[in-house]
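Subject: Handover of a protein structure

Dear colleague,

Please find below the structure that I am handing over to you. My notes on what was found in it follow directly after it.

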Amino acid sequence: MKTILKIFIISFIAFGFFISGCFTKSYAADNLNLPTETITGKFMSVTDGLITIKQKGIEKSYIRVEDPFNIYADYITYRTSPFSKAVQSSLCKVVFLDTFVIKIKLPNSSNIEIPRYRVVNLEINIK
């Protein structure tokens, strides 16, 4: 009985470390690249050209003007599935972002909706 209990406890701890390892890497490195500087923080929202980022407890808002010559100026890296360590990267245009979901448009004109916890790295460029 004691060996079964020990195996159960070790399995539970190992599973806990596996799950926490999958989700602790999900906090995105959010960067907003401006012409003069790069701001690192957490994107709060992106809608219709309005970008809100929180940096050190202060929310800052920026307006992105559409550039017809450089539509896909943003860059995203995300995990392909919730429990996978495999990542995929692409140039994109961030169409919508909130606390739970991010919608992007890829150069091949496809739209993708990704849960926010799977985003590893996100860079939005304002030039």
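The largest nonpolar core of this predicted model holds 20 residues, and those that touch the most other members are Leu 32, Ile 76, Val 94, Ile 102 and Leu 122. Six strands, namely β2 (38–47), β3 (50–55), β5, β6 (87–97), β7 and β9 (119–125), each supply at least two residues of this core. Leaving aside neighbours within four places in sequence, Ile 76 is in contact with Gln 88, Ser 89, Ser 90, Cys 92, Ile 102, Ile 104, Ile 114, Val 119, Asn 121 and Leu 122.

As to the overall architecture, the protein chain has one helix and nine strands. Of the 127 residues in the chain, 31% are buried. Among contacts between residues at least 6 apart in sequence, 46% join residues at least 24 apart. The accessible surface comes to about 8400 Å², and carbon and sulfur atoms account for 64% of that surface.

A word on confidence is in order. The average pLDDT of the chain is 85, and 90% of the residues score at least 70. Over residues 22–26, however, the pLDDT is below 50, although this stretch has twelve contacts in the model beyond near neighbours in sequence.

Lys 56 is found in the loop between β3 and β4. Lys 56 is not a glycine, yet its phi is positive, at about 55°. Lys 56 counts as exposed because its relative accessibility is 80%, and the cut-off for exposed is over 50%.

Asp 30 is found in strand β1 (residues 29–33). With a relative accessibility of 2%, Asp 30 counts as buried, because the limit for that class is under 20%. A polar atom of the Asp 30 side chain lies 3.0 Å from the backbone nitrogen of Phe 43. Not counting residues up to four places away in sequence, Asp 30 touches Ile 39, Thr 40, Gly 41, Lys 42, Phe 43, Arg 116 and Leu 122. Asp 30 and Ile 124 are 94 residues apart in sequence, while their C-alpha atoms are 8.1 Å apart in space.

Arg 64 lies in the loop between β4 (58–63) and β5 (74–79). Is Arg 64 buried or exposed? Its relative accessible area is 14%, so Arg 64 is buried. The side chain of Arg 64 makes a polar contact of 2.8 Å with the side chain of Asp 74, and it also reaches the backbone oxygen of Val 94 at 3.1 Å. Beyond residues up to four places away in sequence, the residues that Arg 64 touches include Val 46, Gly 49, Ile 51, Ile 124, Asn 125 and Ile 126.

Finally, the loop between β7 (101–105) and β8 (111–115) contains Ser 110, and Ser 109 lies in this loop as well. Ser 109 has a positive phi of about 70° although it is not a glycine. Ser 109 is exposed, with a relative accessible area of 52%, whereas Ser 110 is partly exposed, at 26%. The side chains of Ser 110 and Asn 108 are joined by a polar contact of 2.7 Å. Apart from residues up to four places away in sequence, Ser 110 touches Ile 104 and Lys 105. The C-alpha atoms of Ser 110 and Cys 92 are separated by 10.0 Å, and these two residues are 18 apart along the chain.

With kind regards

Technical notes. Residues are numbered from 1 along each chain as its sequence is written. Side-chain values use heavy atoms; hydrogens and water are left out. Helices (H or I, at least four residues) and strands (E, at least two) are DSSP runs, numbered from the N terminus. Buried means under 20% relative accessible area, exposed over 50%, partly exposed in between (1.4 Å probe, protein chains only). Contact means heavy atoms within 4.5 Å. Accessible areas come from the Shrake-Rupley method with a 1.4 Å probe; for residues, only the protein chains shown count as cover. pLDDT is the predictor's confidence in each residue, from 0 to 100. A polar contact is a pair of N or O atoms within 3.5 Å; within protein, one must be able to donate a hydrogen and the other to accept it, and residues adjacent in sequence count only if both atoms are side-chain atoms. A nonpolar core is a set of buried Ala, Val, Leu, Ile, Met, Phe, Trp, Tyr and Cys residues joined through side-chain atoms within 4.5 Å.
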